[in-house]
Amino acid sequence: QVQLVESGGGLVQAGGSLRLSCAVSGSTSSINVFGWYRQAPGNQRDLVATITRSAITNYADSVKGRFTISRDSAKNTVYLQMNSLKPEDTAVYYCNARIPLARGSNNYWGQGTQVTVSS
């Protein structure tokens, strides 16, 4: 089992910055990919960024050059640094952890943290 707790969301003006944190506990050694996803009202949950245990990162085109995902293994925490925020970044942001299985994988989710960007 894995538990994820997000923090750091809030209200910010366009052009501003926020840093989200995701505290990870439980079977952390089994996780091979950590990620951030977001969901705006009426929309599906979309990938924002992922990072593997070997620190390979992947970003959605809409956030490339503005967002940075990182991980502090000593603190069991995953971060999402968000700069140059836009109103369209407004959404609930969810932390995700993936554990591979013999077939498929188990996905774990946090409760989400609201990010609101005002114009």
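Guide: Start with a cut-off: a salt bridge is a side-chain nitrogen of Lys or Arg within 4 Å of a carboxyl oxygen of Asp or Glu. Keep in mind that this is a predicted model.

Visitor: How far from Glu6 is the nearest side chain of opposite charge?

Guide: Glu6 lies in strand E1, residues 2–7. Glu6 is buried and has no salt bridge. A salt bridge needs a distance within 4 Å. The nearest side chain of opposite charge, Arg45, is away by 7.3 Å.

Visitor: What is the geometry of the aromatic pair found in the whole structure?

Guide: The search finds one aromatic pair. The ring centres of Tyr37 and Trp109 are 5.1 Å apart. Planes over 60 degrees apart count as edge-to-face. These planes stand at 70°, so the pair is edge-to-face.

Visitor: How many residues apart in sequence are the parts that the pair ties together?

Guide: Tyr37 is in strand E4, residues 33–39, and Trp109 is in strand E10, residues 105–109. Tyr37 is buried at 14% relative accessible area, while Trp109 is partly exposed at 37%. The separation in sequence is 72 residues.

Visitor: Over the ring of which residue does the charged end of Arg45 sit, 4.6 Å from the centre?

Guide: Arg45 lies over the face of Tyr94, at 3.6 Å from the ring centre. At 4.6 Å, the ring is that of Trp109.

Terms used: Residues are numbered from 1 along each chain as its sequence is written. This is a predicted model: local features need pLDDT of at least 70, side-chain atom pairs count only at pLDDT 80 or more; totals for chains, interfaces and linings use all residues. Side-chain values use heavy atoms; hydrogens and water are left out. Helices (H or I, at least four residues) and strands (E, at least two) are DSSP runs, numbered from the N terminus. Buried means under 20% relative accessible area, exposed over 50%, partly exposed in between (1.4 Å probe, protein chains only). Lys and Arg count as positive and Asp and Glu as negative; His and the chain ends are not counted. Rings of Phe, Tyr and Trp (its six-membered ring) pair if their centres lie within 6.5 Å; planes under 30 degrees apart count as stacked, over 60 as edge-to-face and the rest as tilted. A charge sits over a ring if NZ of Lys or CZ of Arg is within 6 Å of the ring centre and within 35 degrees of the ring normal.
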